[in-house]
Every structure is written in structure tokens, then in C-alpha cells.
Amino acid sequence: MWFSFLTCQRATPSLSSDSPVSSSSATTVSSPPPTKAKSQTFPSPSSPPHKTTPSSQTSSPTSSSTKIISLPFPDNISGIPPGVETTDKLPSMSLFVPFTRATKSLQPLFEETLKNLPHVSFIVADGFLWWTLDSAAKLGIPSLAFYGMNNYASALFSSVYVHQLFTKPEIIKSETEPVTVPDFPWISVKKCEFSPIFTHPDRSGPEFELFIDQIVSTGKSRGVIVNSVYELESAFVDFRLCDSDGPKPWCIGPLCLVNPDKPESDKPSWIHWLDRKQEEKCPVLYLAFGTQTEISKEQLKEIALGLEDSKVNFLWVTRVDVEELTGELGFEKRVKDHGVIVRDWVDQWEILSHESVKGFLSHCGWNSVQESICTGVPLLAWPMMAEQPLNAKLVVEELKVGVRIETVDGSVEGLVTREELSRKVKELMDGDTGKTVKEYAEMAKEALAQGTGSSWKNLNSLLEELCVSRETNDVNKLSSDN
Ligand SMILES: O=c1ccn([C@@H]2O[C@H](COP(=O)(O)OP(=O)(O)O[C@H]3O[C@H](CO)[C@@H](O)[C@H](O)[C@H]3O)[C@@H](O)[C@H]2O)c(=O)[nH]1
């Protein structure tokens, strides 16, 4: 099993399907050290979206312009079960910090490998692999960080942190009281929507130290690649661009449109099921909660019974055995006419693109949100951790492409009852958010239009800035040396 990275060598300034970053293996943003009171961009701590590339999901390089070099993942990490090389395989996300710290043992081999490459124009590194930015600096290679988070969440984290919204002396004690964000007066946030790193006055401990290492290291980078579209969140991109001290955000997304997965020739059974629902003219709700979410037995039962009560047609992707965990033996049989549970790894893009899928109950991981927007499917937003509460606000309050599900106590971790789930599922499926989301889907496509789209232009100027100017410098240096 391996840990993989991609390097960009002598890239030419054009947008090709061989994107220099992989949306599944990279993640967020940063800027200068947190001691200075200015705008900053942040990784989403506590449960960040870092994962190495599981071999089962790594496609072979198909083009002569792309080469993948794999480095062996470290063995014997204290507290991590042997063989676990991705965060989705961790028994608990509480092991995230030792897992991430362990990646540093790859540094010598990473640097050795870089030295043996013919010419590296720049490095794109997962921001959670903070040490790769140190390696880049040591070898004099420009580097960009990538975290996977959008500009909206980064800007809000920054504003909350810089203005000490939850940590200044007149501390807001309530977890659920709405508080106005200073730089964005039309937005209010709740303490429970943020990790303790942003809300706890005591700034120490392993998680905080990792967070600082990432911020400091990304602050030294040449910029941050953002898998998003400028037009989708322009106010928040502009906010970050105005911070001349912070790393520049480069919106080059949505990457799910650059290289969408191709449906296999042999359709899996769930696609046949969706085909049947389309023939029957039955709209389907798709449910999936990403790769890292842990859902309690009690909550699973409420989801199952809420779906059953709602009578909506649903396709639920989950790795767990719902009947066994909830004790609801016979659930799948009871709902078989309108619902199906899938326990395999699915091609989510293919499902969302299916004509019959008219709603997505999602944890609001940024990849899922973008895929839903790009396929014109409205969301039922149920954030569970990390920056997902902010993504849900973007979906419901800013873009208005979805409906928010509420927990019993208004907290992020709180229980969602079967009644709430059933009500909101019906509201989504009967509602009119579909029209708005289709407009955004068009906008996202236009952003990638060759020559004219904003993401196309951003990628070109990024390559121009990092490759062409570097190569020109190299040539000048060579001639002055002679
Ligand atoms: O069976 C599956 C399960 C997942 N996916 C794909 O896996 C990705 C999941 O990504 P995302 O929706 O972002 O969920 P997480 O992996 O849980 O997201 C982590 O990473 C995101 C950013 O990278 C953050 O926004 C989230 O908070 C964090 O939990 C998506 O592209 C899905 O299409 C599949 O294709 N098939």
C-alpha cells in the first residue's frame, strides 16, 4: 500500500483533462502566522478532509504527460491499526492528528524523489502535509497548497479567528446563539459550528499545534488552489484577494467537471434501479454522507424510519448494516418498493447525473456539494463535522439551492428526528430549489469554457506565473552565469 503524490513538471499553460491536482487526495488553505491580526485562511481543524490515495481508487496514469510516483506509507504508527493508510479507514477520527503527524516520516524520501526529477516547476501539496512546503522551500521550488475547502468557509473561519468572535473577553457562552460575522454583516454563525480551535480560549494541545504548523507552512506558499468557481462565491474570493499578506486563492474548479468519471459499460444494479424509477416517473432522493462521517445507531434508526414514513423513493449509500445496527430487521423488505440501500463504493457522479435523481441528502462535504450543484440536484443539507456547517449555510442561505435539516437542540451533533427528516425530505422533493441549482450548474460549466471561463483563465494565469516566469528566470540565470 502506498502514499502517492503528483508533481507538475514543465506544465504548459493550458487546461487539460490531466489536472495537476486530484480532488480526492488534496484539501484547504492558509496564510501567515496567527499572531498578526489580519485576514487569514484556515484549514478546517478537528476533522479535516485529508486522505491518502487508496490503491482501489487510484486510476492508472493514462497519458504520457502524467506520471504517478508512490511512496511507501509509514508502518508502526503508534495507535493506528496496521494497514490503515487513509482517514476513511481510521477506526475513529480522533486518530486524525497522530495519523497526519506520521506522514512526516515520508519527508526524506519525498525530497530525494524531488531531487531526482528533471525539472519541477512547482509543487501542489495537500495543506495538511505541512512538511511538503518546507521541502519545497529547502529545494527552492515554488509550492501551492490545496485543502479542498471553499472560499466561503475559509473567509468565515478567517473573520471569526481574526476578530476573536468566540474567544475575546466578553465570550459568547451559548453554543447556539446566532452571532454576526464582522466582515460579512449579513451572515450570522453559531459557536457550535466551529471547532474548539476557534472557540476555546486555551490555544494549546496536539490538534492546535498541527493547525498552527499548517497555517504557518501554507502562509509561506505561493498561493492556494481552490476547487471552486469564482462566480459561485465572488464576495468571499474577493475578501481573500484583498488580503495582500495571505496566499492568493486560485479558483480553478469545479474539478468534478474537468474529468468526470465515465460510467462503466456494465451498469451496477443501483443504476438499473434508477432506470426503473425513471421509467415509472418517480423522482428519487439520493442519500450519502461522504467518507468520514460517523453516525450513531440511534441516528441511523431515525433516518431509516423517517425515510420509511416519508414514502419518497430513495437510494441510500452507506457502509454499515442498517438493519443490524438499528435492530430494525425487515426494514429493507418493508421499503423495497420505494427504497434501496447500497453498501458498495459507488460512482456518486453517475448517480447524481441520473435523470431520476431529484434531491440529495448530504453531509455537505464540499466535493458532494459541488457535484450536486454541477448536476443540478438540490440539496437537503445535514452538516456533521469540520467545515460542513458553513458549507450548509452557503447552500441554503447564500446560493439558495437547498433546504436545511434541523437537529432537536440546534447543535451540529444533535439528533435529527424521523419526523423532521420525513418533513424536510418531502419539502425538498416537492420544492422549487431545482430551478436555481440548474442556473448554477450552467454557471459552473461556463467557468471551464476554453479561453473565456473564469476557471480556465485562472489556471492559465497560474501556470503563466509559476511555470513560464520560472523558466524565463532560469534562462536568464543561465545566460548571466555564462
Ligand atoms: O461511495 C462513494 C463515496 C464517496 N464518493 C466520492 O467521494 C467524495 C466525498 O467527498 P466529500 O463530499 O467532500 O465528503 P468527505 O470525503 O467526507 O469530505 C471531507 O473533505 C471535504 C473537502 O475535501 C470536506 O468538505 C468535508 O468536510 C470532509 O469531511 C465525493 O467526490 C464523492 O463523489 C464516491 O464517489 N462514492
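Biologist: In which loop is K400 found?

Modeller: K400 is found in the loop between α15 and β15 (402–404). Helices (H or I, at least four residues) and strands (E, at least two) are DSSP runs, numbered from the N terminus. This is a predicted model, in which local features need pLDDT of at least 70 and side-chain atom pairs count only at pLDDT 80 or more, while totals for chains, interfaces and linings use all residues. Residues are numbered from 1 along each chain as its sequence is written, and side-chain values use heavy atoms, with hydrogens and water left out.

Biologist: Why is K400 called partly exposed?

Modeller: Buried means under 20% relative accessible area, exposed over 50%, and partly exposed in between (1.4 Å probe, protein chains only). K400 has a relative accessible area of 49% and is therefore partly exposed. Its phi is positive, about 55 degrees, although K400 is not a glycine.

Biologist: What makes N76 exposed?

Modeller: The relative accessibility of N76 is 79%, so N76 counts as exposed. N76 lies in the loop between β3 (69–72) and α1 (96–102). Phi of N76 is near 50 degrees, a positive value in a residue other than glycine.

Biologist: How do you know that V181 is buried?

Modeller: V181 has 0% relative accessibility and therefore counts as buried. V181 is found in strand β6 (residues 179–181). Not counting residues up to four places away in sequence, V181 touches S159, L165, I187 and V189, where contact means heavy atoms within 4.5 Å. V181 and N150, 31 residues apart in sequence, are 17 Å apart in space, C-alpha to C-alpha.

Biologist: How far does the backbone nitrogen of M384 lie from a polar atom of the side chain of Q388?

Modeller: The two atoms lie 3.0 Å apart.

Biologist: What makes α14 and α17 roughly perpendicular to each other?

Modeller: Axes are lines fitted to C-alpha atoms, for helices over the stretch in contact, and angles run from 0 to 180 degrees between N-to-C directions. Angles under 35 degrees count as roughly parallel, over 145 as roughly antiparallel, 65 to 115 as roughly perpendicular and the rest as oblique. Helix α14 (residues 366–374) and helix α17 (residues 433–447) pack at an angle of about 100 degrees, with their axes 7 Å apart. The pair is therefore roughly perpendicular. S372, I373 and C374 of α14 make the contact with V437, Y440, A441 and A444 of α17. These residues divide into 6 nonpolar, 1 polar and no charged; Ala, Val, Leu, Ile, Met, Phe, Trp, Tyr, Cys and Pro count as nonpolar, Asp, Glu, Lys and Arg as charged, and the others, Gly among them, as polar.

Biologist: Why is α4 called oblique to α7?

Modeller: The axes of helix α4 (residues 151–162) and helix α7 (residues 234–241) come within 8 Å and cross at roughly 50 degrees. That angle makes α4 oblique to α7. On the α4 side the contact is made by N151, Y152, S154, A155, L156 and S158, and on the α7 side by F236, V237, F239 and R240. By class, this contact has 6 nonpolar, 3 polar and 1 charged residues.

Biologist: In which hand does α4 pass α7?

Modeller: The crossing is left-handed. A crossing is left-handed if the near helix is turned anticlockwise from the far one by less than a right angle, and right-handed if clockwise.

Biologist: What makes α4 roughly perpendicular to α15?

Modeller: α4 and α15 pack at an angle of about 115 degrees, with their axes 9 Å apart. That value makes α4 roughly perpendicular to α15. The crossing of this pair is right-handed. Y152, A153, L156 and F157 in α4 meet L390, N391, K393, L394 and E398 in α15. The contact of α4 with α15 has 6 nonpolar, 1 polar and 2 charged residues by class.

Biologist: How many helices and strands does the protein have?

Modeller: The protein has 18 helices and 15 strands. Of its 482 residues, 56% count as buried.

Conventions:
Polar contact = N/O pair within 3.5 Å; in protein donor to acceptor, adjacent residues only side chain to side chain.
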